[in-house]
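Let's take a friendly walk through a protein model. Have the sequence and the 3D view ready, and look up each residue as it comes along.

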Amino acid sequence: MEEILEKLAYCVEFGKINLASPYPPDMRGQDGADELTKKALEMGVPPTEVLNKGLVIGMGKVGVKFRENKVFVPQVLMSAKAMSFGMAHLKPFFNDGSVVRKGKIIIGTVEGDLHDIGKNLVAMMVEGSGWEVIDLGTDVNAGKFVAAVQANPGAVVCLSALLTTTMVNMEKIGKAVKEAVPGTIVAIGGAPVNQDFSNKIGMDVYAPDPQGLIDYLGNLN
Amino acid sequence: MHPSQKDFAYTFDELNISVELVEEAMGYERGQSPDPIPEMIASAIDQCADLCNIKGSLLVSDSFALDPSGVIETLGVKFLVGRKIGAQLKHAEGGAFYICTAGAGIGERSKDLMACGDLVEGYILDVIGSLTVESAIDKIQGVFELEMIDAGKRIASRYSPGYCGWALKEQKQFFELFPENHCGIKLSESCLMDPIKSVSGIIGFGANIRNTVYECQMCELDTCVYRTIRLARRK
Ligand code: B12
């Protein structure tokens, strides 16, 4: 059991999607995250363990390497793709409640801003750390964030912005969310955002990269 | 000299965007990205001719006033570039104001790919889109520099709204220099240019322009992806 989970983690770490995928070359002809997740479940490994001791471990390793500039965005995306093939087999267990994830985040790029690569990376990596992610997309206004939090009380709200002219909307959105559902935690990030700005507008967390947010979320539980 | 406005158009192939350049923009050293990335970049480059619509415009004006606080006034338009850029342009006799875009197609295709799970393919196109507009403006600058050399003048480095103390919101005034929707570029309420893969800025010129400091050297963005990669390399 341990062995298949280790292999699964390895596939996610190195972006081995399935049997057919020729990369990485040293794994040619071997099962990928797709087949291994299915097999693990068939062997009777509890789905929660498949998630947390297989997929999440692999994604965590890439996250750390990304933070240390040992791998770059394309490799993170290859891992995210391998992970998503594994996650597809876990979907029924998410739906029937037999796998409980660590928590939920609601993420979006703020009103006026259309940048989404950074936001997408954060979404994929947080999902890869075992959280459920609701992605509202780009150019998201306060009303949409508020509605999403009301429908998912307790979710952590994550705001992304890449321009100084749009990061000011974080304050408005953060305040609206906290007013509608008191106690909601709001995290912010994006190139022009920093800790000072976060303190100034009264947000709970700033992180320069996805791993920083994942560390913070990990300490919440 | 009367103000002159010149429009430019390039094909993607004219910009010579190579696999190595794309690797570098993603953080790798040239030739060092792992398989299958080089192959994926090459196949993305092959699609770009159809996805790009590369246009730019350069408005050259010497009816140009710059005050010590960094306010530029030209052709009836006034905007604040700030003290830092102001200091670099102190000896400028005029400015060449530019806008440039890679077109909407490449950004849209990148988004579509990512949305349907082709994450790496989508990201590679996003990076190529950025390099395309940067290479196009390099070319335009090259043409302009030659003209200036012929006229016995030199050019300063390029500066853009959103960099080095030139507030992005000043882009509203800056865009008044160009006809609406020029080169297909629209400016939103929040000062975002549509298409996303677009740039704007100024190139100062004059007989006494000294070598100026360029944006990266003056930038204070600690979280910049380029800076973190550069620092990691130095270690
Ligand atoms: C590539 C680039 C471009 C390209 C493409 C832009 C695009 N979006 O497609 C081009 C050349 C076209 C461009 C143009 C411009 N750009 Co530009 N660009 C960049 C650059 C170098 C990289 C952006 C990027 O793709 N990063 C990669 C992704 C993966 O990173 P990311 O989005 O930052 O996300 C990461 C983190 O921020 C974090 N994160 C993101 N969201 C969140 C959310 C949470 C909750 C958390 C925890 C973390 C988090 O995690 C992500 C993964 O690590 C940045 C500077 C930089 N190095 O970051 C400037 C930058 C975004 N640009 C900037 C500017 C000013 C411009 C222009 C306005 C310049 C001009 N006048 O021409 C134009 C505007 C274009 C437009 N359409 O309006 C500024 C914006 C800040 C500001 N002053 O407003 C930046 C920050 C540079 C700077 N001066 O400091 N740009």
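## An aromatic cluster in chain B

In this predicted model, six aromatic residues come together as one cluster: B:Phe79, B:Phe97, B:Trp166, B:Phe174, B:Phe175 and B:Phe178. Pick out two of its members, B:Phe79 and B:Trp166. Their ring centres are 5.6 Å apart and their planes meet at 5°, so this pair counts as stacked.

Over all chains, the structure holds ten aromatic pairs. One of them is formed by A:Phe72 and B:Tyr28, with 4.9 Å from centre to centre and 80° between the planes, an edge-to-face arrangement. Why does this pair join two chains? A:Phe72 lies in the loop between α3 (47-67) and α4 (73-95) of chain A, and B:Tyr28 lies in the loop between α1 (19-26) and α2 (37-51) of chain B, so the contact runs from one chain to the other. A:Phe72 and B:Tyr28 are both buried.

In chain A, the charged end of A:Arg101 sits over the ring of A:Phe94, 3.6 Å from the ring centre.

## Strands in chain B

Now find the open sheet of chain B, where three strands follow the order β3-β4-β5 with antiparallel pairing. Strands β3 (64-66) and β5 stand at the edges with a single partner strand each, so one side of each has no neighbour in the sheet. On average, neighbouring strands here are turned by 15° against each other, ignoring direction. Strand β4 (residues 71-74) and β5(B) are joined by four bridges in the antiparallel sense. Which residue is the bridge partner of B:Ile72 in β5(B)? That partner is B:Phe79, a residue of the aromatic cluster described above.

Another strand to look at is β10 (residues 198-206) of chain B, which is mostly covered, with eight of its nine residues buried. Strand β6 (residues 94-101) of chain B runs antiparallel to β10(B), and eight bridges join the two. Here B:Tyr98 stands opposite B:Gly201. Strand β7(B) also pairs with β10(B) in the antiparallel sense, over four bridges, and B:Arg154 has B:Gly206 as its bridge partner in β10(B).

## An enclosed helix in chain A

Helix α2 (residues 33-42) of chain A has seven of its ten residues buried, so the rest of the structure largely encloses it.

## Two domains in chain A

Finally, step back to see chain A as a whole. Its domain assignment gives domain 1 (2-95) and domain 2 (104-220). The C-alpha centres of these two domains of chain A lie 26 Å apart. How many residues of domain 1 are in contact with domain 2? Twelve residues of domain 1 touch twelve residues of domain 2 in chain A.

Notes: Residues numbered from 1 in each chain as written. Chains lettered and ligands numbered in written order. Predicted model: local features only at pLDDT ≥ 70, side-chain atom pairs only at ≥ 80, totals over all residues. Heavy atoms only, no water. Phe/Tyr/Trp six-rings, centres within 6.5 Å; stacked < 30°, edge-to-face > 60°. Buried < 20%, exposed > 50% of the residue type's maximum accessible area, 1.4 Å probe, protein only. Lys NZ or Arg CZ within 6 Å of the ring centre and 35° of its normal. Pairing = 2+ DSSP bridges. Axes fitted to C-alpha atoms, helices over the stretch in contact; angles between N-to-C directions. Domains from an automatic or database assignment. Contact = heavy atoms within 4.5 Å.
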